[in-house]
Amino acid sequence: MILTSVPWHVAIKMLLEGAKMTMILSVLSILLGLAIGLPVALMETYGNKALRYVAMVYENVIRGIPLLAIYFIIFFSIPLLVGIGLPAFWAAVVGLGIRSSAYQSQIFRGGIQAVDEGQLEAAFSLGMSNLQVIRHVVLPQALRFSLPAWMNEYIIVLKDTSIALAIGIVELTRQATYLVSITGEPFKYYAAAAVIYLVIVLSLSYLASYVGKKYGIRGVGGANVRA
Amino acid sequence: MRWKLSVGVLAFILVASVIASGCITGSSSSTKVLVVGTSADFAPFEYKNPKTGNITGFDISLIKLIAKKIGYKKVKIVDMSFDSLIPALQSGKVQVVIAGMTITAKREKVVDFSIPYWTADQDVLVRKNSNIKINSIKDLYGKKIGVETGTTGAIYVKKHVGKNATIKEYSTYVAAIEALKNGQVDVVVLDSPVAKMFASKYPSLEVVYTIHTNEHYGIAVRKGDTKLLNQINSALKSIMNSPEWNNLVKEYFGS
């Protein structure tokens, strides 16, 4: 076999197929990270001593393990120990989601702590319960404060999907590698992949800034969000 | 409301993953499917055919022939990074690895290898206009040598040329070839068939010397999976002694 050239429409199709996997994987992972990270942030801010400690240990342990190692543990080690494991795609979502949850909890903790304490006192004095205060006073503001940093985290998750190749996930970068391997032309195809990543990131940044403006409150940090 | 939605999404993910994992683990052992691990960025041994979208190559055709001979109805190819292949074998994610993998003492400690099916000779590739002549390993002394990290070529050059030359390592052989074309290195040492492929793609490059490394590719199975290993070995022997072998070589290497 001689190195061949690939017609551009075939190459684009392969890259877009990879981009689809990249998008699906990154969106599911960031949502899983949100679902774990936000409660962890609340635990760390408002929990009792034990809950705070648990949240702190969770954050530090997860942030201390490289993503590749998390993948190896979830996909290769756990099945060896317990005899049952997740299929590659869900292992990739869980690994990336757990890793992101530790960073997202930091982001939300910052957002929660940025809510003025006087407002909490005022809310309590109106007779609101803890959960009501969190739901109606803290979160609406904290989430707005957190949006730019959260968008940043999404971009990191998006780019880190390529590490899932370690457990057999074929996404955008891998499709580019296929093309490079059969054509021997690295610049062309890695550049094309880079452009696709950029388009995804830019469109989502635009979306985030739109959401920030639409739901922003005048005079509150989230009103002029730029992500 | 939005809050409840995200909890719902999480619950969905968890339930779906438990169901999905149950299905997959339940079915793999009962049907006759051979699950093969490879790393499809090593044309012509394993690569993705852009026309069909399938992973193909010399190794893939070979393992399909073997699987058929030993009674597997289907072959499932799983592509992953080269470094993950041995962990995947050990954890039972794949039954066989065929990926242009050189049989080394270190790897033999953790997996079992079939009889060798390919000799991993290394070619020295140069720019035609550089007038570099290589007649023995010693002629590489003083040169800037490009290799791909972790490959037989890299290990061989480090061992036999070592400090007598500047060795530049690249993460892929494609990057090493680019460095050669740009003049960042004088020569590139890489697997014979792959080097010849690049020499025919780029008229400015040529193969000037072949190093006989005496190293071989093997098919890997889990340590202690003797039954499968014996089946693979006898199938491999009969294929290598039949015209099928020459057809395979012809199809992927054109000689």
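Student: What is Leu125(B) in contact with, ignoring its neighbours within four places in sequence?
Tutor: This is a predicted model, by the way. In it, Leu125(B) is in contact with Leu180(B), Val187(B), Val188(B), Leu190(B), Ala195(B), Phe198(B), Ala199(B), Leu205(B) and Val207(B), leaving those sequence neighbours aside.

Student: And how many residues does the largest nonpolar core have?
Tutor: That core has 132 residues. Leu125(B) is among those with the most contacts inside it, along with Ala91(A) and Ile167(A).

Student: Which element gives the largest share of this core?
Tutor: Helix α1 of chain A, residues 8-46, which puts in 15 residues. Chain B takes part as well: at least three residues come from each of its domain 1 and domain 2.

Student: New topic: how many residues does each chain bring to the contact?
Tutor: Chain B brings 37 residues and chain A brings 33.

Student: On the chain B side, which element has the largest share?
Tutor: α1(B), with 10 residues. Other elements giving two or more residues there include α6 (173-181), α7 (192-201) and α9 (243-253) of chain B.

Student: What's that side like by class?
Tutor: The side of chain B that touches chain A has 23 nonpolar, 9 polar and 5 charged residues.

Note on methods. Residues are numbered from 1 along each chain as its sequence is written. Chains are lettered from A and ligands numbered from 1 in the order in which they are written. This is a predicted model: local features need pLDDT of at least 70, side-chain atom pairs count only at pLDDT 80 or more; totals for chains, interfaces and linings use all residues. A nonpolar core is a set of buried Ala, Val, Leu, Ile, Met, Phe, Trp, Tyr and Cys residues joined through C-beta atoms within 7 Å. A residue is buried if 20 or more other C-beta atoms lie within 10 Å of its own, exposed if 12 or fewer, and partly exposed in between; C-beta atoms are placed from the backbone. Helices (H or I, at least four residues) and strands (E, at least two) are DSSP runs, numbered from the N terminus. Domain bounds come from an automatic or database domain assignment. Two residues are in contact if their C-beta atoms, placed from the backbone, lie within 7 Å. Ala, Val, Leu, Ile, Met, Phe, Trp, Tyr, Cys and Pro count as nonpolar, Asp, Glu, Lys and Arg as charged, and the others, Gly among them, as polar.
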